[in-house]
Amino acid sequence: MTRAGTPWHDGGEPPFDQQVRHLLDVVYERYQYDFRDYAPASIHRRVRQALSDLRCESVADLEDAVRHDAGMLSRLLQYLTIQVSDLFRDPEFWLALRLQVVPLLRTWPSLKLWIPGVAGGEELYAMAILLSEEGLLDRTVIYATDMNREALKAAEAGVYPLARLAGFSRNYQRAGGTRSLSEYYTAAYDSARFSRTLTGQVVFADHDLVTDSVFSEVQLISCRNVLIYFTPALQNRVLQLFSDSLVNGGVLCLGTKETLQFSPRAVDYQPIDARYRIFRRVQR
Amino acid sequence: MTAPKVIVIGGSAGALEPLTTIAAALPASFPIPLVAVLHIPDDFENTLPETIGRRCTIPVQEGMHGTRLSCGLILAPPNYHLLLEADGTVALSLDAPVGYSRPSIDVLFESAALAYGARVLGIVLSGANDDGARGLAAIRQAGGTVWVQDPQTASAAYMPDAALRLVGADRVAPPREIGTALLAFAPEAARNG
């Protein structure tokens, strides 16, 4: 990394990480999408992927295209923000939620839930199915937010390739599902569309964890496997946002390989289930 | 050669035994972190760290997001990619599987090459697909060192063969010799802190 101080235009090409940083600066300055505090390793992979798929010779080419063409930006966004999840991913987490958190949720007369970084909606539909089976869906508003409008559209549509449903269904059974997953979707051709009744009280909204602030007080936040894409500094900012959004006694769910232990905001939480990363907001 | 800053290892079918042999050859004080991807079934109960750890003196743990590299062996958790950041921590990702694999050896190796440049040693072990070959190429391109388990000692030779075909290797050796060769780095790496 001896070239860390090399200016942008100084003969040789700057190192890849510098080129990417420059690209992200342009994306921010021109379009106010802020990826500058995303964890570099994954961003580097995704930019490489975009370069190859979008047929750009170099990061500089991509940067140029993005600078002059908002259409190119929206194509790049699909690489920078896309996440692949499964319905009821980590079934044991969902089982723990059903057994340990649902009784808590019953103590509130009405509920607001927030699923930030909802991406393709897999976590949303799992949550809505669980709440529906526990008789809580009718008194719950779910905020499903993402910075990526294409992803929000996909989440709202709730359509998944039929090939993925066998895995979803296996997870659902292991997660303590009381019915058959097929009762929640209709299959047509090679895809499955989840029932509209699941999303009747879902608010789909454009919200960027990096640049936007608190928008509602909520009883539960489920943000699994989103923080893994952020630097520690940005993780702390987002965890502060969650602390400010949760009511006293509210519940925070993180991914099973994510931890609060590196964050100063750890003091805001007590574990409900440490293993499956379910925490309760406590008064400081 | 200069002692590497990090040793990244990848394997699939038949790689548990050689990985354990290599890790077991190292003393608890071995100063260079090892990070490994093994393709294992997506099972929430990951017993791999305990299985390997029982036979080693170096600490063995499953990587979490934000884990700092230190002495010992870090294993990728099932169903996540594991990448290395230049700040010395581990990052996880749920990006799509690469060549049907998540974790992917190529993803780990490519991130190591970008974060650590020439100070990476990549090792490909037994396996029945070609994951790891492209990652090894990235390590070599960044000036790092590439070793491959002798295919004749691998219960599945496809993976080491694929790596040798695409990249070649600075050393081709059975697992026991790989362990011994790693030991030789210890004095220099300890001096450099």
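In this predicted model, seven strands of chain A form an open sheet with mixed pairing, in the order β6-β2-β1-β7-β8-β10-β9. Elsewhere in the chain A description, helices α1 and α3 are in contact with one another.

**Sheet**
- The edges are formed by β6 (202-206) and β9 (269-273) of chain A, each of which pairs on one side only.
- Direction ignored, neighbouring strands of the sheet are turned against each other by 20 degrees on average.
- Strands β7 (residues 218-223) and β8 (residues 246-254) of chain A run parallel and are joined by five bridges.
- S222(A) has C253(A) in β8(A) as its bridge partner.

**Helices on the sheet**

**Helix pair α1 and α3**
- The axes of α1 (residues 16-31) and α3 (residues 59-68) of chain A come within 10 Å and cross at roughly 5 degrees.
- Angles under 35 degrees count as roughly parallel, so α1(A) is roughly parallel to α3(A).
- On the α1(A) side, the contact is made by F16(A), Q19(A), V20(A), H22(A), L23(A), V26(A), V27(A), R30(A) and Y31(A).
- On the α3(A) side, V59(A), A60(A), L62(A), E63(A), V66(A) and R67(A) take part.
- The residues of this contact comprise 10 nonpolar, two polar and three charged.

Notes. Residues numbered from 1 in each chain as written. Chains lettered and ligands numbered in written order. Predicted model: local features only at pLDDT ≥ 70, side-chain atom pairs only at ≥ 80, totals over all residues. Heavy atoms only, no water. Axes fitted to C-alpha atoms, helices over the stretch in contact; angles between N-to-C directions. Helix = DSSP H or I, 4+ residues; strand = E, 2+ residues; numbered from the N terminus. Parallel < 35°, antiparallel > 145°, perpendicular 65-115°, else oblique. Contact = heavy atoms within 4.5 Å. Nonpolar A, V, L, I, M, F, W, Y, C, P; charged D, E, K, R; others polar. Pairing = 2+ DSSP bridges.
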